[in-house]
Amino acid sequence: MAHALAQLLTADADRVLWVRESGLAPELLAEYAGALNGACPGRWDVLELKGGEALKRWDAMPHLFDAFQAHGLTRSSLVLTCGGGALSDAVGLAAAVWKRGVRVAHMPTTSLAMVDAAWGGKTGINWRGSKNQLGTFTLPEFVHLDARWLVTLPDRERRAGLAEVAKHAMLHAHLGQTHLEDWPAWDTSPDALEAWTAKLEKSARSKMSVVDADLHERDARAQLNLGHTVGHAVEAHFAATAHPWLHGEAVALGLKFVLFQAQDRAAEACLFLDRWLATHVPLPDTPLAQWPDAEALWSHMAHDKKNVADQVVDVAWHGWGKAEWPVMLEKSAFEATWARFVRSLEDAGTT
Ligand SMILES: NC(=O)c1ccc[n+]([C@@H]2O[C@H](COP(=O)([O-])OP(=O)(O)OC[C@H]3O[C@@H](n4cnc5c(N)ncnc54)[C@H](O)[C@@H]3O)[C@@H](O)[C@H]2O)c1
Ligand SMILES: [Zn+2]
């Protein structure tokens, strides 16, 4: 695995700055340090940071720029990130603007970053409480996946990333049900971790087929927002409570809502996906009474930066590989459907 990273490292980088989270597995860090020793003709250094969403703040940027300056990064250098999606988003942005752009590559360490955040070139930080308001589209030089990092990741985080795996399978018929049915059970044996790496990479590469066609999200890339209109609103709602939901958990609920709205919600594909999500991405046990009502969700959705004028723009799903966008949402229709959706969960005794 570390050997594969060594092959990806460009021999022409005058120096490499390995920006990584604290708390990662020491034996893997040592293995990758060995690979860097062998592969970097120039100098390489380490910058260690605390990972997580706090990195995506404006006031975390100066520390990164100071480090870039102290390490003498030039436009011929490479920043190698190693962490969750928050770290790759924030460090990706700092790299994108440092001297008008220093190259960046990602070695993601969460399932969500492995399958989604590290790929596709969206960098970003938050602004005044709103997510990802500042950022660029800057593709990384490469992304190197190694599921062995997941061994130290809390189970809840690892499972949450699988919502994006379901989304990619829904969008790409060549993945479809088979990709999900064959999902390897979690264990820390080398074989299982290798299988996870391969499956996560296959899922991420399907995202890249969309990104390659539409980097700046003027059209086709919008389909990657499947499940995210409601998902982001649910995430924003619970972020302000004592029991926040993870992004992937909120997206899992958003995808369930997409399935509920599908023309034939009793179709085999919908039933399968509903079961797969329930098994792989369990929702937090927040009582239904504390879930946001349709009005509260709508007020979050109405502020989504992807909206056009006053309408909420959504993505609908009609079967494997068949997404439809843009779909314009009406407030009253959304509120009625959400109420029916929550009742259906209540009847099924979901939470
Ligand atoms: N750029 C994109 O296209 C894109 C796509 C999806 C999500 N995102 C962004 O990604 C972020 C979420 O990413 P995430 O889910 O990876 O969360 P995260 O980066 O916040 O990581 C989750 C937690 O796990 C810790 N962690 C990371 N790797 C670990 C490991 N191997 N072992 C133990 N702990 C570890 C982190 O420090 C953090 O506390 C959000 O900010 C979201 O906006 C970006
Ligand atoms: Zn997402």
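Around ligand 1, the shell draws at least two residues from each of α4 (85–97), α5 (111–117) and β6 (130–134), where helices are DSSP runs of H or I with at least four residues and strands are runs of E with at least two, numbered from the N terminus. Please keep in mind that this is a predicted model, in which local features need pLDDT of at least 70 and side-chain atom pairs count only at pLDDT 80 or more, while totals for chains, interfaces and linings use all residues. Residues are numbered from 1 along each chain as its sequence is written, and chains are lettered from A and ligands numbered from 1 in the order in which they are written.

Of the 28 residues around ligand 1, the ones that come nearest are G51, G84, G85, A86 and T110; a residue is near a molecule if its C-beta atom, placed from the backbone, lies within 6 Å of it.

Let me turn to a pair of helices. The axes of α7 (residues 162–171) and α11 (residues 247–261) come within 8 Å and cross at roughly 35°, the axes being lines fitted to C-alpha atoms over the stretch in contact, with angles from 0 to 180 degrees between N-to-C directions. On the α7 side the contact is made by L162, A163, E164, A166 and K167, and on the α11 side by G248, V251, A252 and L255, contact meaning that C-beta atoms, placed from the backbone, lie within 7 Å.

Finally, D214 has its place in the loop between α9 (190–213) and α10 (228–239), and, leaving aside residues up to four places away in sequence, D214 touches D219, A220 and R221.

Key. Two residues are in contact if their C-beta atoms, placed from the backbone, lie within 7 Å.
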